[in-house]
Amino acid sequence: MANKTITRIGVLTSGGDAPGMNAAIRAVVRSAKYYNLEVFGIFRGYEGLIQNDIKKLENRDVAYILERGGTFLKSARSQEFRTPEGRQTAYDNLKSHGIDALVVIGGDGSLTGAHLFYKEFGIPSIGLPGTIDNDLSGTDSTIGFDTACNTAIEAIDKIRDTASSHDRLFFVEVMGRDAGFIAVNAGIGSGAAATLIPERKMPVENLIERLKSRAKAKKQSNIVIVAEGGKSGGALEISKKVKKFLPTYDIRVTILGHLQRGGSPSSFDRLLASKLGVAAVEGLIHGKEDVMAGIINNKIVYTPIKRAIVDDKEVDEDDFRVAKILSQ
Ligand code: ATP
């Protein structure tokens, strides 16, 4: 039975887009319909909420989006939502549509906004972790992370073909401003020579030692993965430092950039997003608010948003160890 106070749910995607956001929107719409609730799509995240870009959604509106990357609701970053006046306008627009609950799909910034909005106006809201960065607590994996890792590994496989044909040393920069999750997964999954992540500093001397010992072991190709926000600098910066120590090496840099955000979501992300979309609606129906739905050890978990956004999720020590052992 639906909670009497909730009749109309608004759903939006915010911040950087992530593969699987469409699958999550679809699951929110279809499960809301299943429970006889109305759903409104809010276009362009908080920006669209402030500009009243809101449209009622039916089941047919979310047909054929499960397999598509990006977000058909579009996403945006909104400076105005950071202001009390902007949030007041957003609230007024929600009320004018009779929307009494919100599902926000996005990263830590988007969920921070949702938490603030809840504190100010008390609209029941549930966050879904939609970011390729995997930097939210309260879920083993965020929506889009698995696809982004697959995309990165596929690209690195291709780079390895050219790296080994020409005996080149490649520095490949992957996304992850504050978190090395994609880098570590891509490092293990692609057999990288080293993985440099924001959470740890690797002195350039250590990297040189690693590369020299690989040369002695007659390794045919060397790929170093660098997370964009690495403490040692980005891929370009590190490659220049290394060139000074190894002037005879043929060094190239590839920045994977936005291609990591795109593409059809993996089966893992489709399942995760679908389960979490249903969990968001069922959570609202059961009176949950100001929480993020996630999956931990295969179970749906609701974590207070203010806990989920605390920046304390760390790359698993075991994963880092595995990456190191296998890079020798
Ligand atoms: P990703 O990191 O994956 O790109 P994100 O959700 O962290 O996604 P942000 O750009 O940090 O992306 O945040 C998205 C939007 O959320 C911002 O443009 C802003 O509208 C809102 N937001 C972020 N932080 C706050 C805040 N402190 N107060 C109000 N709104 C915020």
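In the predicted model, a polar side-chain atom of Arg77 is placed 2.6 Å from an oxygen atom of the ligand, a polar contact being a pair of N or O atoms within 3.5 Å. An N or O atom in the side chain of Ser110 lies 2.5 Å from an oxygen atom of the ligand, and a polar side-chain atom of Arg82 lies 3.3 Å from a ligand nitrogen atom. The protein covers 87% of the 620 Å² of accessible area that the ligand has on its own (Shrake-Rupley method, 1.4 Å probe).

The ligand is surrounded by 17 residues (at least one heavy atom within 4 Å), the closest being Arg77, Ser78, Asp108, Gly109 and Ser110. This shell comprises 3 nonpolar, 10 polar and 4 charged residues, with Gly counted as polar and Asp, Glu, Lys and Arg as charged. Helix α4 (residues 108-121) supplies the largest share, 6 residues; helices are DSSP runs (H or I) of at least four residues, numbered from the N terminus.

The ligand sits in the largest pocket, in that more than half of its atoms lie within 2 Å of the grid points. A pocket is an open set of points on a 1 Å grid over the protein atoms alone, with protein on both sides within 12 Å along at least five of seven lines; lining residues have an atom within 4 Å of a point. The largest pocket holds about 570 Å³ of space, the volume filled by probe spheres set on the points. Of its 27 lining residues, Arg77, Arg82, Asp108, Gly109 and Ser110 are the closest to the centre. The lining divides into 6 nonpolar, 12 polar and 9 charged residues, and α4 gives the most, with 6 residues.

Local features require pLDDT of at least 70 and side-chain atom pairs pLDDT 80 or more, whereas totals for chains, interfaces and linings use all residues. Residues are numbered from 1 along each chain as its sequence is written, and side-chain values use heavy atoms, without hydrogens and water.

Note on methods:
A polar contact is a pair of N or O atoms within 3.5 Å; within protein, one must be able to donate a hydrogen and the other to accept it, and residues adjacent in sequence count only if both atoms are side-chain atoms. On a 1 Å grid over the protein atoms alone, a cavity is a set of points where a 1.4 Å probe fits but cannot get out, and a pocket is an open set with protein on both sides within 12 Å along at least five of seven lines; lining residues have an atom within 4 Å of a point. Helices (H or I, at least four residues) and strands (E, at least two) are DSSP runs, numbered from the N terminus.
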